[in-house]
Amino acid sequence: MRLTNLTRGAGWQGAKRYAALTLPVLFLAACATQEPGTGTAPPRTASTVSPKSVAPALSPQQTELKALIGLQDRLYDVAAPLLVNNAVLCRNNARNLLGFTAKTKYSYTPEFVDAAAALGLSDQLQVTGVLAGSGAAKVGLQRGDKLVTIQDKPVPVGADAERQTALLLGPLVNGRNSIKLTVARNGNNQTMNIPLTRACAFGIELGNTENVISYADGRRVLISSGMMKFTKNDDELALVIAKEMAHNTLTHPARQRSTATMTGVIDNLIRLRPDTAALNGMAGVKPYPQQMDAAADKLALYMVARAGYKVDNAAAFWQRLATTYPASALNGYTAIHPGTDYRLSAIQQAVTDIQAKRATDTAILP
């Protein structure tokens, strides 16, 4: 329900809040390109805009917030099909989730509260993204809807609304097929039953570093802004997200005995201002053995294919990443995933297998 890289989450009991909040609510904003509080009319060209209609200049905080929201929206948009189409592959990590995100102006660190308010958020939880294909999307929940009641109980408001709402939702999702939700839209209340969506319940985080890196800690996936900029298209970004989802699914952080280390790294990088000193060297992260890494590559490719993304150029992407950022770059991706040649062989075989399944209309399963 929140844009994790800008929230109070890191520190300030962030881990507890995150775990409670994302259990019932899918924390992913799919196809969400409109900023909070903005209209849907297309922008006019400079030649047709009169001086009086020019929007006021954004403050530095608003500009920074909008830029980060843009990165997060793209990350969530690409991750959406991976999460909702791979519940069967996520094993014990699949959950029934609501399929939308919601925030208040207090979802952000104090320096951004005023900027969030200027972009349309208030002390009331407001839908900021709806997952394509989810139950929420199917019944017509929309970005901008304000949460009024859940199962006829008032939705908390104010600085602690997210945590309190998570506590309210937690007991409700077990044993139910849908959740009754009343929202305020255009001054009127609307009640709808939101069918729960079975999906992979991994948190998708944006890391505030230009280092080209990604991490998994068993319950979360972190993709750095540097990695996002390195990927040339959504298919490549999907490969990176799915690879970390696969590590989580296969319990690799736990088997590496690196869960606590990975959690610390992610907690640092989701901060608005990460501790850059902690980014030097390997930050205590152990490189993955090549067999373990190749197993994650194989599962990831099936996840990518099931989500509708292309897998044909997977080997070329990973080769380009390893060539650009070799294992000698200690804070880069290849240093943690050094078995490039072994991985590429496994990737090519998995791609061949997936193509054969598609050709024979066989289920895309490992």
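Contact here means heavy atoms within 4.5 Å. Before going on, the ground rules. This is a predicted model, in which local features need pLDDT of at least 70 and side-chain atom pairs count only at pLDDT 80 or more, while totals for chains, interfaces and linings use all residues. Residues are numbered from 1 along each chain as its sequence is written, and side-chain values use heavy atoms, with hydrogens and water left out.

Back to T182. T182 sits in strand β6, residues 178-185. Helices (H or I, at least four residues) and strands (E, at least two) are DSSP runs, numbered from the N terminus. T182 has a relative accessible area of 9%, so T182 is buried. The cut-offs are under 20% relative accessible area for buried, over 50% for exposed, and partly exposed in between, with a 1.4 Å probe and protein chains only.

Now M192, which lies in strand β7, residues 188-195. Is M192 buried or exposed? M192 is buried, because its relative accessible area is 9%. Leaving aside neighbours within four places in sequence, M192 is in contact with V139, L141, I179, K180, L181, V183 and R185. Take I179 from that list: 13 residues separate M192 and I179 along the chain, and their C-alpha atoms are 8.3 Å apart.

Next, the chain as a whole. The protein chain has 13 helices and 11 strands. Of its 366 residues, 53% count as buried. Among contacts with a separation of 6 or more, 73% are between residues 24 or more positions apart. The chain exposes about 15500 Å², and carbon and sulfur atoms supply 52% of that area. Accessible areas come from the Shrake-Rupley method with a 1.4 Å probe; for residues, only the protein chains shown count as cover.

On to helix packing. Two packed helices are described by the angle between their axes and the distance between the axes. Axes are lines fitted to C-alpha atoms, for helices over the stretch in contact, and angles run from 0 to 180 degrees between N-to-C directions. Angles under 35 degrees count as roughly parallel, over 145 as roughly antiparallel, 65 to 115 as roughly perpendicular and the rest as oblique.

In the pair of α2 (residues 60-84) and α7 (residues 234-249), the angle is about 60° and the axes are 9 Å apart. That makes α2 oblique to α7. The crossing of α2 and α7 is right-handed. For handedness, a crossing is left-handed if the near helix is turned anticlockwise from the far one by less than a right angle, and right-handed if clockwise. Which residues of α2 and α7 meet? From α2 they are R74, L75, V78, A79, L82 and L83, and from α7 they are D234, L237, A238, I241, A242 and M245. By class, this contact of α2 with α7 has 10 nonpolar, no polar and two charged residues. Ala, Val, Leu, Ile, Met, Phe, Trp, Tyr, Cys and Pro count as nonpolar, Asp, Glu, Lys and Arg as charged, and the others, Gly among them, as polar.

Helix α7 also packs against α11, at an angle of about 80° with the axes 10 Å apart. The two helices are therefore roughly perpendicular to each other. E236, L239, V240 and K243 of α7 make the contact with A314, F317, W318 and R320 of α11. Its residues divide into five nonpolar, no polar and three charged.

Helix α11 (residues 314-324) in turn meets α13 (residues 340-359), where the axes come within 9 Å and cross at roughly 170°. That makes α11 roughly antiparallel to α13. On the α11 side the contact has A314, A315, W318, Q319 and A322, and on the α13 side T340, R343, L344, I347 and Q348. These divide into six nonpolar, three polar and one charged. The crossing of α11 and α13 is right-handed.

One more residue in α2 is Q72. At 0% relative accessibility, Q72 counts as buried.

Last, backbone angles. Most residues other than glycine have a negative phi. R257 has a positive phi, near 55°, and lies in the loop between α8 (252-255) and α9 (259-269). D361, in the segment after α13, also has a positive phi near 55°. R257 counts as exposed because its relative accessibility is 74%. D361 counts as exposed, at 74% relative accessibility.
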